[in-house]
Amino acid sequence: MSETEDTVEVVDPSEFGCLGSSTPCNPQKKCHRFLVLALICSLSFGSYFCYDNPASLAEQFKTDLNLEGDSFMLLYSLYSWPNVFLCFFGGFLIDRVFGVRLGAFLFGAVITLGQIVFALGGWFNNKYVMYTGRFIFGLGGENLAVAGNTYIVYWFSGREINTVFGIQLACSRIGSTVGMMALGPFYKAIAPHFGTSKGHLMGTLLFFGAVLCILSLLCSLLLAFLDKRAARILRKDTAGTGEVIKLSDITKFSPPTWLIFMICVTYYVSIFPFISLGKLFFEEKFGLSPSKASICNSLVYFIGAGTSPIAGMIIDNTGRNVMWLLIAISLTLLSHAALAFTFIPPYIAMVVMAVCYSFCASALWPMVSLVVPEYQVGTAYGMMQSIQNLGLALVSLLAGAIVSKFGYFMLILHFMAWLALSAVFILMLWAYDSSKGGYLNASPARRAEISAEEVQSILDKDDVNTPLLNDNSVLDLSQSLRASSAAVLRQRYTGNVNSDKRDFTRSAELHKSFEGSGNLTQSYQFSSIANPTILK
């Protein structure tokens with residue numbers, strides 16, 4: 001959504017109830033868009049709370065349910081395995097079949113069902129029912145994240161997007177932190193009421209997570225209502241992209257897109273599997289009590305919740321996403337080295353890891369929106385999370401086997417190797433981006449210059465008189481070219497990072513002015529715009 005209102009033809013919001021065109025109810029206003037952001041953040045709160053239920057109750061899973069080592073890590077692998085393929089198809093379904101509104105609701109419903117089955121498995125002390133629940137939970141978990149990312153790209157733009165991703169990450173990590181820190185004390189508080197019925201006790205705790213998933217599901221309904229209302233008011237539904245996502249489009253993803261995918265998987269496999277096993281590691285090596293080990297293990301989530309919006313704002317204002325990625329992953333590697341080779345209090349390493357996690361996520365995820373057109377956004381994020389979950393599924397199993405056979409020292413070395421590989425992919429991305437003009441690692445001012453240069457190059461080729469374009473028009477046109485489609489002019493999240501006043505109507509009017517002037521050739525209208533060669 002854009003703050004520009006004078007050029008956008010809208011329907012009177014009073015026709016749809018609420019408070020008419022007042023600021024809270026106007027989808028063009030920041031107040032309304034950040035209400036939408038609050039709902040987007042709530043989409044995955046229940047999912048993230050439930051994801052690390054096994055890690056937060058690792059000791060109880062071991063003593064009460066006899067789940068440890070390989071059998072314990074299977075709870076995480078079963079979550080990840082379905083997402084190896086379903087994240088991609090979930091993104092495809094969001095782009096092509098369901099749409100983001102229905103997709104978010106359906107995936108939220110699957111998550112809720114999975115957590116209920118998981119809780120029933122705990123209640124009856126049946127590990128196979130628990131495994132089934134985690135598998136069902138996995139069918140929706142990452143797909144719901146894809147829907148949330150797609151909502152963000154639809155609603156936010158330009159210099160906001162890194163900050164918004166940071167805020168979403170913070171809220172997700174708050175869910176994880178609450179789960180990591182609250183379930184252990186909650187277990188101790190209610191344990192006397194269950195006597196020897198440990199299964200019933202565990203089931204009760206897990207059913208609490210199901211309640212939070214239901215609340216997130218209700219948020220998806222309200223979010224769908226607001227998104228549909230905004231589409232009607234701003235006539236978005238009648239100004240479609242004109243592009244249709246096809247499965248074959250994944251073969252057209254640019255090299256930077258695939259490098260971003262590889263950076264994602266090699267980084268996250270060093271974080272999430274480590275947290276899954278971290279509590280017992282801190283108890284064994286550093287002699288921490290279970291409560292202190294749980295606090296130390298949750299620092300990545302707890303501190304990340306506070307630092308992610310700050311990291312997003314810093315990256316929004318400085319740009320240079322690739323540089324921030326390299327710094328964050330290098331320091332994460334040093335943090336793992338400190339845990340493996342020293343007896344420095346682990347809190348220090350975990351704090352550094354948490355801050356780096358915030359910068360890495362805030363720099364990495366928004367870059368996808370800079371290298372793919374809007375109609376492919378859901379599919380691109382789905383593919384990214386599919387590859388991530390393939391890595392998590394394999395590495396979770398491998399991590400459990402390493403701990404069982406070789407201990408925690410070799411486990412940390414294993415994670416360090418993945419981080420080193422991630423750094424290699426970042427250097428490859430940096431080199432490729434530099435050879436193509438350096439857009440991804442540019443400052444905001446330099447990105448604006450690159451955008452203008454790209455537009456000027458296209459205009460020169462097609463003999464369009466440059467006086468027709470002012471600075472804002474050049475940047476708007478560059479944005480449409482980078483979006484890879486004339487009809488995807490509303491792809492607000494690429495191109496001009498120095499202005500929040502961009503929308504598809506404004507760019508469409510720019511094209512109309514070209515057509516009326518006679519200076520825009522037919523080949524430019526239907527070839528250069530529809531199939532640009534400058535998409536990085």
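## Aromatic pairs within helices

Y128 and Y131 both belong to helix α7 (residues 127-155), where they sit 3 residues apart, about one turn of the helix. Helices here are DSSP runs of H or I with at least four residues, numbered from the N terminus. This is a predicted model, in which local features need pLDDT of at least 70 and side-chain atom pairs count only at pLDDT 80 or more, while totals for chains, interfaces and linings use all residues. Residues are numbered from 1 along each chain as its sequence is written, and side-chain values use heavy atoms, with hydrogens and water left out.

Rings of Phe, Tyr and Trp (its six-membered ring) are paired if their centres lie within 6.5 Å; planes under 30 degrees apart count as stacked, over 60 as edge-to-face and the rest as tilted. By this rule there are 31 aromatic pairs. Y128 and Y131 form an edge-to-face pair, at 6.3 Å centre to centre and with 80 degrees between the planes. Y128 is exposed at 57% relative accessibility, whereas Y131 is buried at 10%. Buried means under 20% relative accessible area, exposed over 50%, and partly exposed in between (1.4 Å probe, protein chains only).

W258 and F261 have ring centres 5.3 Å apart and planes at 85 degrees, so this pair is edge-to-face. Both residues lie in helix α10, 3 residues apart, about one turn of the helix. W258 is partly exposed, with a relative accessible area of 31%, and F261 is buried at 0%.

## Helix α10 against α15

Helix α10 (residues 255-268) and helix α15 (residues 346-364) have axes that come within 11 Å and cross at roughly 160 degrees. Axes are lines fitted to C-alpha atoms, for helices over the stretch in contact, and angles run from 0 to 180 degrees between N-to-C directions. The two helices are therefore roughly antiparallel, a term for angles over 145 degrees. The crossing of α10 with α15 is left-handed, meaning that the near helix is turned anticlockwise from the far one by less than a right angle.

On the α10 side the contact (heavy atoms within 4.5 Å) involves I260, I263, C264, Y267 and Y268, which meet C356, Y357, C360, A361 and L364 of α15. By class, this contact has 10 nonpolar residues, no polar and no charged ones. Ala, Val, Leu, Ile, Met, Phe, Trp, Tyr, Cys and Pro count as nonpolar, Asp, Glu, Lys and Arg as charged, and the others, Gly among them, as polar.

## Helix α10 against α18

α10 also packs with helix α18 (residues 408-435), at an angle of about 160 degrees and with the axes 8 Å apart. This makes α10 roughly antiparallel to α18, and their crossing is left-handed. From α10 the contact takes in P255, P256, L259, I260, M262, I263, T266 and Y267; from α18 it takes in W418, L419, L421, S422, F425, I426, M428, L429 and Y432. These residues divide into 15 nonpolar, 2 polar and no charged.

## Helix α14 against α18

Helix α14 (residues 321-341) packs with α18 at about 165 degrees, the axes lying 9 Å apart. α14 is thus roughly antiparallel to α18, and passes α18 in a left-handed crossing.

Residues of α14 in this contact include V322, L326, I329, L333 and F341, and those of α18 include F409, L413, M416, L419 and W430. The contact of α14 with α18 has 20 nonpolar, 3 polar and no charged residues.

Methods:
Parallel < 35°, antiparallel > 145°, perpendicular 65-115°, else oblique.
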